[in-house]
Amino acid sequence: MKVISKVKSLLIDFRRYWKVPPKGRYMSFKEIASLSFGGMGIKFIVYCISQMIIAVGNTLIGNTIGIDPKALYVIYIISVLSGFPLTALRAKMIDNTRSMKGKYRPYIISMGIPTVLLGILFIWMPYENMSLFTKCAVVLAFNIGFQFFYNFYIDAGDSLINVLSPNSIERSDVLSIKSIIENSSPSVASIFLPIVARLITGQDTLYNLKIYRVLFPPMLIVGFMISLLVYVNTEEKIVQAKTHVIQVKFTDAFRAVARNKYFWIISLAGWLGFLEGSFNSILGWMYNYQHACTAAQYSVIVAIAGNASFWNNVVAPFVIRKYGKKKILVFTNVLNVFFIALMLPIVRMTGSAYIIWLLLGCTFVNQFITSLGHLLNPSVNADIRDYQQYITGERIDGMFAAVGLIGNVITLSTGFVLPAIYERSGLNREVAVSLGYSASNVYDVLYNQEYFIKISSVLVIASLVGAVLNAIPFFFYDLTETKQKAMVRVLKIRALFEDYGNDVLSDEALIEAVEIINEAKEAAGRQVTQIPEKADKKEKKLLREENEKIEIAKIVMDELNIFDTEYGKTRVENAKKICEAGLNGYLDSFTLTKAQAKAMPKGTDTEKERRRTALMQVSNFKAAKKAVKKYFPNGIKEFDSSVFHTLFEREDETERRIADALDNLKAARESKDSAAAAKLRKELKALRFEQAKTKERIKEATNKNSVYYRASKPYQDAKKLLIQKENYQHLDEILSLYEKTVTA
């Protein structure tokens, strides 16, 4: 009866919250379903295109097309280098995107279409008739396109969850559901690929271009059509003041992200663990080169291996709530080291009966453990972006990819390691010829059992080293779920005061933010309670919730009282001096040097924060002096930012008119009214021209504002601080307004 009751309750909730999210949440069930099932389409595209991306160990480019590891590494370097300016452009576009459709959603279409077209053309190129040089040139050309369009597409798809909800737990819950559903598409593709390959080629091999030419084009097209669910049925939600205008210059945002310690911790883990995935090719090699099983058996093997992550998606929301992300990340990475080590004796028994099944067992457990950690990555990255907005006041998601270019530089310097491992362990032309194989495809060496064991063993050892290095940085990650909740609450409070000061405060935002303040005031001063080990589950849960409220209350109250502390008063006095000096005199009002800032004490968290702020001020003043000297030698001319309001209103209005015209054109075509259709096409052309001109003016204004922003940033920061202090003094008025609103 309890089960039936729960099912009924779930169905009731499903209907009730299909279009409206539950209280305390931000996503409706319809939005979650669209994100998840639309994600299936995105994953179909990722499954296909990821196999076309240049990487040492890529079986489609290496084993099937026939580009050896040395040549592959050369074009890999060129491909990565080409991605630097393209990634910077992508970051700037994302951070300065202002669209009624959101920051990421528009790119599901605008980047999805060229990605699919490039993928279809890539697979149908006549590689069989090309020389090695021509193959390399063609693959490289397509990959330069993928560097922009494909990377932009998957970045938009993966990052969308960051702006669909500011609730970290909700994001983790949704990611679990999304992962279960969307990962079924590549799993299904992987299961049927060996069987379909056998039907197409008549052989137990996956290294034949016919297979991909038959399967990939329909998968790409169907995947794109399904992904439109994400575009149509999701809505972005960023915690930010209504009047806040983001116009971010690349270098300014780059410096801002550089302060985000959590970004560096997560990035460092990836950079240090570059060898961790070296073993991933071995299972496929064992089937294709050592014929360790039949096509039907390999389909079962792929299905089992692919199913490893399913159960983690089911349990993830529960273990995240119980243990938190840091403990899971540390635990999974440590266990990963152990299970990779277990693979070494297994691959050395290649040739024995059932050896591929033993390797499968080890791989399954490894993926079961690590995929739980990998599942957290989107949620962790979303938390990191919340932290970025908390410490800088700007939501500059795209610039994380740009700063991540540092990782590409590191990858270039370490990327030679895996090709060198292949070469030294015997995967080269000399060995291929000595074994009687053609030098045209060095991977034929893997047909030789002795070399297969040698090369596979070396790859496992390389993976083991990568796994150990990958685990280390996670011990320093301390951004807890409680801290993330507190940061989001602080962002809502900041938005409340900013909107109040600009007289654009909505009732909904007022009620939510004041309730946060009231809850913090009520919990302030209480002490965190030690949870008794003998307490029952219900009592432990209540105590944990109470302790969380107390911890959040402290951070919220620190924000509300920020200008009552000695440090806050000092910041206000410094800001007053800067503002009193004026726009063309403020640079002379700051005398702190970098050496003095570095010499500041850093024993406590407060002292560390003061030191960081001082160093950042020194850096900002230095950059401002350079900008003034270059752009304003005769004095700084203030930029009128109100121009953005006019331009944005015009852009929104044009976008609405275009949408209406498209609807009317569709209706005219359905009614076969050719005259009306012709008139509407002419109207659309004029509107799109107007839209392009408005975007051009926004770009011009952005460039002018960026120059002014750089030259006046310390002055603007000082003004912003004084305005914030003034707004914070109106808390009693806001509370009174709240009382009138809730009683109305």
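Predicted model: local features only at pLDDT ≥ 70, side-chain atom pairs only at ≥ 80, totals over all residues.

Student: Which residues make the nonpolar surface patch?

Tutor: V334, I461, V465, V468, L469, I472, F475 and F476 make it, with an area of about 700 Å².

Student: Where does V334 lie?

Tutor: V334 is in helix α16, residues 325-347. V334 counts as partly exposed because its relative accessible area is 42%, between the 20% and 50% cut-offs.

Student: OK, inside now. Which residues touch the most other members of the largest nonpolar core?

Tutor: That core has 104 residues, and M52, I67, F122, V139 and W285 touch the most other members. Helix α7 (residues 132-164) supplies the largest share of this core, 16 residues. Apart from it there's another core of 51 residues, including A486, A523, F639 and Y738.

Student: Back to I67. What does I67 touch?

Tutor: Leaving out residues up to four places away in sequence, I67 touches I61, G62, L72, I75, L132, K135, C136, V139 and Y443.

Student: And α6, which of its residues are buried?

Tutor: G112, P114, T115, V116, L118, G119, F122 and I123 are. Those buried residues pack against α2 (29-49), α3 (60-64), α5 (106-110), α7 and α10 (209-233).

Student: How many residues does helix α6 have, and what does it reach end to end?

Tutor: Helix α6 (residues 112-123) has 12 residues and reaches 17 Å from first C-alpha to last, close to the expected 16 Å.

Technical notes: Residues numbered from 1 in each chain as written. Heavy atoms only, no water. Core = buried A, V, L, I, M, F, W, Y, C linked by side-chain atoms within 4.5 Å. Buried < 20%, exposed > 50% of the residue type's maximum accessible area, 1.4 Å probe, protein only. Helix = DSSP H or I, 4+ residues; strand = E, 2+ residues; numbered from the N terminus. Contact = heavy atoms within 4.5 Å. Patch = residues over 30% accessible without salt bridge, like charges linked within 9 Å, V, L, I, M, F, W, Y side chains within 5 Å. Areas by Shrake-Rupley, 256 points an atom, 1.4 Å probe, with all protein chains shown as cover. Salt bridge = Lys/Arg side-chain N within 4 Å of Asp/Glu carboxyl O. Expected span 1.5 Å × (residues − 1).
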